[in-house]
Amino acid sequence: MAVDTRTDRRPSSYAGILWHSTVGKKTAMAVSGIVMLLYLVAHMLGNLKIFFGAAEFDGYAHWLRTIGEPFLHHEWFLWIARVVLVAAVVVHAVAAYQLSRRDIAARPTKYAHKKKRASYATRTMRWGGIILGLFIVWHILDLTTLTVNPRAEAGHPYANVVATFSTWYGNVIYIVAMLALGLHIRHGFWSAAQTLGANRPGRDRTLKAIANLLALVLTLGFIAVPVSVMTGVVS
């Protein structure tokens with residue numbers, strides 16, 4: 001009797017089946033996007049503490065490392081948050097890439113010469129995602145590991161932020177990335193709402209208004225810091 005040695009590569013678990021489906025990938029993108037959006041709101045509010053002076057900002061940075069004590073060890077909460085955030089970024093990026101490849105593969109080759117150009121929103125999301133991915137690496141090297149910050153000093157976050165935005169390239173990188181972030185949020189929030197079924201009849205205008213408001217507030221909130229350092233409001 002012949003033995004069938006072929007391996008069935010189809011996912012056997014519900015999670016695997018969901019992940020391999022287009023709907024599952026879009027849902028993963030939507031949920032991971034919401035996780036990142038919540039982080040961005042909290043991060044922006046924390047950044048704005050810089051307007052209350054070095055003591056307030058440095059105290060906030062120290063508090064982040066003590067959340068949960070004594071139940072959690074020093075910086076455990078911060079590392080848990082980092083792991084969750086990295087996982088959300090990876091899931092979001094992988095799902096976006098695989099959906100893009102799946103969309104390209106599904107196009108009939110005989111109609112390649114008639115292929116429509118990608119929409120403005122699609123192109124913005126793709127390039128915005130790449131810009132933000134590169135920025136995340138820069139931001140970590142700049143203000144977390146302090147590798148590329150020429151005047152960084154461990155334990156002095158306020159001074160490190162001022163040092164970063166005292167350079168022309170630090171401002172350019174940050175502002176360009178925040179503009180890309182605003183466009184990404186504007187289109188991404190609407191896409192997530194559609195994926196999760198929140199766009200009921202009559203809600204479209206409200207959801208679009210919320211998307212625009214979130215994008216505007218976050219963009220202005222983040223850009224306010226480098227602009228304030230450049231103009232001497234924060235020094």
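Predicted model: local features only at pLDDT ≥ 70, side-chain atom pairs only at ≥ 80, totals over all residues.
Surface patches were assembled from residues with over 30% relative accessible area and no salt bridge, like charges being joined within 9 Å and nonpolar side chains (Val, Leu, Ile, Met, Phe, Trp, Tyr) within 5 Å. Residues are numbered from 1 along each chain as its sequence is written, and side-chain values use heavy atoms, with hydrogens and water left out.

A nonpolar patch on the surface is formed by V31, I34, V35, L38, W76, I80, V84 and L196, with about 700 Å² of accessible area together. Two or more residues of this patch are given by each of α2 (22–47) and α4 (76–105); helices here are DSSP runs (H or I, at least four residues), numbered from the N terminus. Helix α2 accounts for the largest share of the patch, with four residues. V31 lies in α2 and counts as partly exposed, at 43% relative accessibility; in this classification buried denotes under 20% relative accessible area, exposed over 50%, and partly exposed the range in between (1.4 Å probe, protein chains only).

Two salt bridges are present in the structure, each defined by a side-chain nitrogen of Lys or Arg within 4 Å of a carboxyl oxygen of Asp or Glu. Side chains of opposite charge can pair when their charged atoms come close. In the pair formed by E56 and K49, the closest N and O atoms are 3.7 Å apart. Both partners are partly exposed, E56 at 38% relative accessibility and K49 at 27%. E75 and R65 meet through their side chains in a salt bridge with an N to O distance of 3.3 Å. Because E75 and R65 both lie in the loop between α3 (54–64) and α4, this pair ties together parts that are ten residues apart in sequence. E75 is partly exposed at 23% relative accessibility, as is R65 at 28%.

The search of the whole structure identified two cavities of 30 Å³ or more. A cavity is a set of points, on a 1 Å grid over the protein atoms alone, where a 1.4 Å probe fits but cannot get out, and its lining residues have an atom within 4 Å of a point. Grid points are joined across faces, edges and corners, and the volume is the space filled by probe spheres set on the points. The largest cavity has a volume of about 40 Å³, and its lining includes W138, D142, N149, P150 and Y169. At least two lining residues come from each of α5 (120–143), α6 (157–164) and α7 (168–195). By class, this lining comprises five nonpolar, four polar and one charged residues, where Ala, Val, Leu, Ile, Met, Phe, Trp, Tyr, Cys and Pro count as nonpolar, Asp, Glu, Lys and Arg as charged, and the others, Gly among them, as polar.

The second largest cavity holds about 30 Å³ of space. Among the residues lining this cavity are F135, H139, F165, I173 and Y174. Helix α5 contributes the most to the lining, with four residues. The lining divides into five nonpolar, three polar and one charged residues. W127 is also found in α5 and is exposed, at 58% relative accessibility.

Definitions and conventions: Areas by Shrake-Rupley, 256 points an atom, 1.4 Å probe, with all protein chains shown as cover. 1 Å grid on protein atoms, 1.4 Å probe; cavity = no way out; pocket = protein on both sides within 12 Å on 5 of 7 lines; lining within 4 Å.
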